[in-house]
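Thanks for making time this morning.

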Amino acid sequence: MKSQPIVKLISVAAAIAALGSSGDARACGGFFCSQAQPVNQAAERIVFADNGDGTVTAVIQIMYEGPSENFSWLLPISTVPEGDDIKLASDIGFQRLQQATNPNYSLTVTIEGTCKSASTSAGASGTFAATGATGSGGAIGGPSVNDGGVTVEASGVVGRFEWTVISLDESLENPAEVAEIWLEDNGYDVTPEAPALIAPYLMEGMYLLALRLTKGADTGSIRPIVLTYDAALPMIPIKLTAVAANDDMGVMTWLLSDARGVPANYLSLELNEARINWFNAAPTYNDVVNAAADEAGGQGFVTEYADTTTTLGAAIWTPNDDAVWQNFQSGLSQSFDQMFMQAFYTYGGWDGFWDAVQDTVVLPDDIAFEDFQLCPNCYAGRFEFSPSAFVTALEEGVITPMRDMQTLFDDSGYVTRLYTTMSAGDMTLDPLFTFNDDLDTLSNRHVAERIIECNPDIEVSDAPWRIEFPQGGVIRGTAQDAITGTWPEATQDQPANIRITQQSDTGEGNVVEDNAETIFQALDAYNAELGLPGSGSGSGSGGSSSSTTTSSSGTGRTGSTGSDGPGANSSSDSGGCSISQAGNTARPLWFAASVLGLGLLAARRRRTRVRR
């Protein structure tokens, strides 16, 4: 087994380039499960932080469906973790992060000309948001050699996870089969497909990190993991996912460094805004991303947000969170019941809360812990615990992971959010990311202007309108379209990408496909066919306006940091695709993100590929 970081050769823009001797940071990995209880992977969310010292920290969200005793997770890594290189993170942190960086589509309303009834309202306009949000370490033992060619390099416990890092002897003819035998002998569920999928990583000399739940732990203890290891650039071993991926599985990643992050060996996608329903962006956004990914052969990412990390200074752990925690700690003089119930109402939904309870609260023999979880108030006066031990457990397992996740962003200068969807057949190339100083910031707020085209013969409520898109182009419609939120079906025949580029660590990128002219001409043709009265023009300037009204109701988030920055919070608990408007509850379109998995075989969707 190599003791030095690995060199990985990757094709970038049809060229083979060596990335350097420190290897690539790989996050996510594979779920292994029994055939009787297969595991299916929905999606994944990952944070990669370039630490500037030859290491990368990856925060990886794990999602698992199945019996807790069958949970096991593998991740190929380039170096053996030490000390607190393996820690716990928080799903709440991911939710808040996603909410703060979600794409946000809004319309401002301008009244052009004079309508018959000046008192008539220009109609409702809104702002819509859409997308695609116990212990810090463990004892590490020294290497121990297995006679079968497997070396246990390190092991420990973090939260409710037991973890082991193994290496395979370089002289083995088939290290993947040997690893499979070792995993099965040590209680890990492994599918028949596993050896073929992990073989390429083991042949490169990578170590294998294996995690499983400790005895007695349930799936509620599965939470994101933080890993720090030697690496040159972040990489996702997506090929491991092909067996378990759902069709159009969401892949969302945040890249932290001192410059904007870009996909190095995948394409960069710029969405055609005319295909998004600006009256109700939530249900359509993910469909547009799916189509855009299809046009890129299933291997492209949309850049949804790129800015300095100061815009996310309180996105994960807020000053209010800190004040509430300090206040809770000062209440040690309360009764057991009072203190516990305060903690329950404040932190009961946070990662690690029930693990902390299980470690510190003593219940009578006739009360099952599961019953206590369902109704703590029902057993008031019948349980006991040490307040100081309870506070310590909460600090270590609930509070610290949130603070650490915020610190990861605070210690970086720049954050980029990338998103795509992929199906099993697309996962033939591990996405590699790099950083580019030459690219500008990119807001997650997209604002288009809806112009009501008035004339003295019609009332405002009956007037046609046009929407001028930020990227250029104009689309027209009727008053009824705006009332019902109907978007022209003709736009679905247009390309989903206005532009596709291949990025690298310098420059503005090479244009692979530019559909702007095609899209603008299609919009002009559609507008002409409508034959609507009014003063709207084609895809140029869109005409001038005489009086202006702007509405920003229903932004889908609060705590705005400015017109170009993301809000601190969102109305959607789960983040992702959301819309906030009176009487309308959004359905999330992001799939709760997870690590890469092995399990059910998913059929490949048909692709229209782009030449590179």
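Two strands count as paired if DSSP finds at least two bridges between them, and helices (H or I, at least four residues) and strands (E, at least two) are DSSP runs numbered from the N terminus. This is a predicted model, in which local features need pLDDT of at least 70 and side-chain atom pairs count only at pLDDT 80 or more, while totals for chains, interfaces and linings use all residues. Residues are numbered from 1 along each chain as its sequence is written, and side-chain values use heavy atoms, with hydrogens and water left out.

With that settled, strand β9 (residues 104-112) pairs with β25 in the parallel sense over 9 bridges, and S106 stands opposite V447 in β25. Strand β26 (residues 465-468) pairs with β25 in the antiparallel sense over 4 bridges, with I451 opposite R466. Of the 9 residues in β25 (residues 445-453), 7 are buried, meaning under 20% relative accessible area with a 1.4 Å probe, protein chains only.

Turning to helix α7 (residues 353-360), 6 of its 8 residues are buried, so the helix is largely enclosed by the rest of the structure. Its cover includes α6, α8 and α9, where contact means heavy atoms within 4.5 Å.

Finally, a nonpolar core is a set of buried Ala, Val, Leu, Ile, Met, Phe, Trp, Tyr and Cys residues joined through side-chain atoms within 4.5 Å. The largest has 89 residues, and V47, F340, F353 and F372 have the most contacts inside it; its largest share, 10 residues, comes from helix α9 (residues 387-410).

Definitions and conventions: Buried < 20%, exposed > 50% of the residue type's maximum accessible area, 1.4 Å probe, protein only.
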